[in-house]
Amino acid sequence: MAARGVVLASILLFSCFLETCCGMISFSSLQRTLLVTASHRQALLKAGEDKITVTWGLNQSFPAGTDSAYKTIKVRLCYAPISQVDRAWRKTDDNLSKDKTCQFNIVKRPYSNGNQTLEWTIEREVPTATYFVRAYALDANGNEVAYGQNTDAKKSTNLFDIQAITGRHVSLDIASVCFSVFSVVSLMGFFIAEKRRARKSQQ
Amino acid sequence: MEVQSGVPESHPPKFALPVDSEQKATEFRLFSVAAPHMRAFHLAWVSFFSCFVSTFAAPPLLPIIRDNLNLTSTDIGNAGIAAVSGAVFARLAMGTACDLFGPRLASASLILLTTPAVYFTSIASSPVSFLLVRFFTGFSIATFVSTQFWMSSMFSSPVVGTANGVAGGWGNLGGGATQLIMPLVFDLIHHTGADKFTAWRIAFFIPALFQTLSAFAVLIFGQDLPDGNFRGLQKSGDKPKDKFSLVFYHGIRNYRGWILALTYGYCFGVELAVDNIIAEYFYDRFNLKLHTAGLIAASFGLANVISRPGGGILSDVVAKRFGMRGRLWTLWVVQTLGGVFCIILGRVGSLSASIVVMIAFSLFVQAACGLTFGVVPFVSRRSLGVISGMTGGGGNVGALLTQLIFFKGSKYSKETGISLMGVMIICCTLPVWLIYYPQWGGMFCGPSNKHTEEDYYMSEWNSVEKEKGLHHASLKFADNSRNEKGGGVKAAAMPTDGVQMA
C-alpha cells in the first residue's frame, strides 16, 4: 500500500515537472505584475454596440527589468464565477491550455513599456453573462509569463454585465408562424379531401 | 396511388412481390418502389427519418444555442429529457391510433401537427421556450410506432424482422445524420454573413421543411394495407372495425409487452440518450471543433444504416433454424454485449479508443433494437399497435430515466454517467429470460405440446366476437406464424407466391 502510494506520488511529481518543462503552464505560477482597468458606461452593456475602454501596463511597484521577457500582450474578456456555475464549458482550470475562463479576444499587441489604452467595441457574438478583463504577458515563445486583471483575486469586484444580441429577426418570426399555420391547415385540407373522395366512391 | 375498395372486387389485386394469405409480402426487395409494399416501406422510413432529424437537430448546435439562450447544464439536461419524454405517451397513443385509423393517417397527422414546434425553435428565446419546443418536437418520433405497425401490416413473418429493422434503423439514422447536417447548414448560413446567433435559427427551417414534405408524401402516395386504406376497407366491410377499449385491454394485459417495453428502454432509450449527449461530450472532453464533434457524434447514429437492419435480419435468420427461442436468445446476448461496450466507453480516456468503442457500442445497441422488433410482431395480433406503442413508449421512458439519473446537471461527469448507464443496460436486459410463448417456448423452457399458434392468438377474442367472424385476420396470422417453431416449419396449407385466389 505504502509502496503504491510512493509510486503514485512520484508519478504525479514527475508529471508536474513534465508539465512545466514541456510547455503546460499553470495559472497559479504566473505573477500578477500588470495593472488592468476597464471602464464603461453605467448601464447594461450591449454586445455589438457598447464599448469598453481597457488600459493595461506594468505595475510600477515591481522592480525594473521584471518585464524584460514580455514580448506580447494578450487582453481577453473572461467569465466571472457567477457565469460559470453549472456550465462546465466555461470552467476555470489551473492548466492554461485547458482553462476556459477567458474565451474572447480583445486585443493582442506587442508589449511596450508604459500604459496602453484601447477602446473596444464588444463583439456581436459575446453571450449574455458577467465578465471581467484579464491581460496576459507572453514571452518570445508565446507562453504566458505574467498576468493582470481588473478584478481582485477572488474575481468579485469590478465585474460588468453584457447583454447579448437575441439573434432573432422579425422576418424569421413571421416565416415561422406562416409555415406552422400552413402545415396544420394543409392537414385539415387533406382530411376534407379524403372524406369527399370516400363519399364520392360510395355513391 | 390509393386502391379504392368502395366496390368489392371479384378477384384480389395482383402484387409485384410474392404474398401470403393476408396479402403481406413474403420477400423484401430493398431497391424496389413497387406499390403497395415497398412503397410503404420507403415512405415510412423517410418520414420517420425526418422526425428524428428534427428531434435531434438541437444537440449538435448546443455549443451555440447554450450561449445564445444562456442555458446551464441543468437546462440542457432538462431539455434533453423533455425531447424524449413527450413521445412516451405519444407512442402509446400512436399505437392505438394505428389500430383504429391506420398508420398512414396516424403518422401524417402527427408529423404535420408537430412541425410547428420545429418552426418555433427558430424563435426560442429562453431556457423555458427551448425546453418547450424540444418537448413538442419530440412527440414526432412516435411515428416509430406507425412505421413498425405499417411494416408489420405489409410484410409477412419470414421477413417482418428485416422490414421492421431496416425501416426503424434507417429512420433512426436521422439522429446521426442530423449531427452532420445541422453543423453544415449552420456553417453555410454563417458564412453568408449571418451572426452565429441568427444562423442557427435559420438552420432549423431545413428539418422543419423536410418534415412537412415527407408528411405530404405519405398522405399522397401511401396506403395502410395491401388491399387499401383502413377507411375504405372498413366501409366495404373487408376490415371489421374494432373497439378501442378492447384493443387497449388486450394489449396491456399481455406481460410480454411490458417486458419488451423495459428492455427496449435499454437499447433504444440508451440510443436516444446518447444522441443527446454525445456531441457535447466529445466537444468538451477532447476539446474538438464543433464540426469534428458533430462528425464523431454522427457516426454513432449513422451506424443505424446497417446495425439495426442487421439486428432485424439476424432475428429472421436465427428464427429459420431456432424459431422464437432463437430470436429471444440473440436479443439477450446482443443487448448485454451493448451494455458491456457502454461501460468501457465511459472508461477509455483517449480520443481514438473512445471512437472505436463508441462504434462497437452503437452496433450492438442498435442491433438489439432491430432484434426487439423481430419479437414484437408476434406478441399480439389484435393489439399489434398497442404492443408496438408500449414497446416504443418504453424506449422513450428508458431515455428519460437514463438522462434524468445520469446526465442532468453536474452530479456525474459524463464519462461516469456513460459507464453507469452500461451497468443499467445489463441489468434491465435480464427480464428477456422471462418471456415465454406456450406454442414456441422461451429462453430456458421448450414449447408446450398442447398449445398451438391458433390457441395463442385466438385467446384475444371471446366467443361472441368469434361468432361475428371478427377473428379471421388473427387466424390467418396464426397460420402464417407457424415458422416461428423453428427447424424450417412452414405455414400449413397456403401457397406463398403470386396471386391469391379468394
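A disulfide is here a pair of cysteine sulfur atoms within 2.5 Å. By this rule, 1 disulfide is found over all chains. The model is a predicted one: local features need pLDDT of at least 70, side-chain atom pairs count only at pLDDT 80 or more, and totals for chains, interfaces and linings use all residues. Residues are numbered from 1 along each chain as its sequence is written, chains are lettered from A and ligands numbered from 1 in the order in which they are written, and side-chain values use heavy atoms, leaving out hydrogens and water.

**Cysteines**

- The disulfide joins A:C78 to A:C102, with an S to S distance of 2.1 Å.
- The link of A:C78 and A:C102 is right-handed, with 100 degrees about the S-S bond.
- This pair links distant parts of the chain, 24 residues apart: A:C78 lies in strand β5 (residues 72-79) and A:C102 in strand β6 (residues 102-110), both of chain A. Strands (E, at least two residues) and helices (H or I, at least four) are DSSP runs, numbered from the N terminus.
- A:C78 is buried at 0% relative accessibility, and A:C102 is buried at 10%. Buried means under 20% relative accessible area, exposed over 50%, and partly exposed in between (1.4 Å probe, protein chains only).
- B:C98 has its closest cysteine sulfur in B:C51, 13 Å away, which is too far for a bond; B:C98 is buried at 0% relative accessibility.
- For B:C267 the closest cysteine sulfur is that of B:C369, at 3.6 Å, also too far for a bond; B:C267 is buried, with a relative accessible area of 0%.

**Nonpolar cores**

- A nonpolar core is a set of buried Ala, Val, Leu, Ile, Met, Phe, Trp, Tyr and Cys residues joined through side-chain atoms within 4.5 Å.
- The largest such core has 86 residues, and B:F41, B:M151, B:F155 and B:Y437 have the most contacts inside it.
- Helix α1 (residues 37-55) of chain B gives the most to this core, with 11 residues.
- The core lies between domain 1 (33-238) and domain 2 (242-485) of chain B, because both give residues to it. Domain bounds come from an automatic or database domain assignment.
- Beyond neighbours within four places in sequence, B:Y437 is in contact (heavy atoms within 4.5 Å) with B:R256, B:M324, B:V375, B:F378, B:V379 and B:Y456.
- A second, separate core has 31 residues, including B:A58, B:I64, B:W200 and B:F204.

**Annotated span**

- An unreviewed UniProt entry annotates residues 174-193 of chain A as "transmembrane region". UniProt positions are given in the numbering used here, feature names are shortened, and annotations may be inferred rather than shown by experiment.
- Residues 174-193 of chain A are 100% helix and 0% strand, and their end C-alpha atoms lie 28 Å apart.
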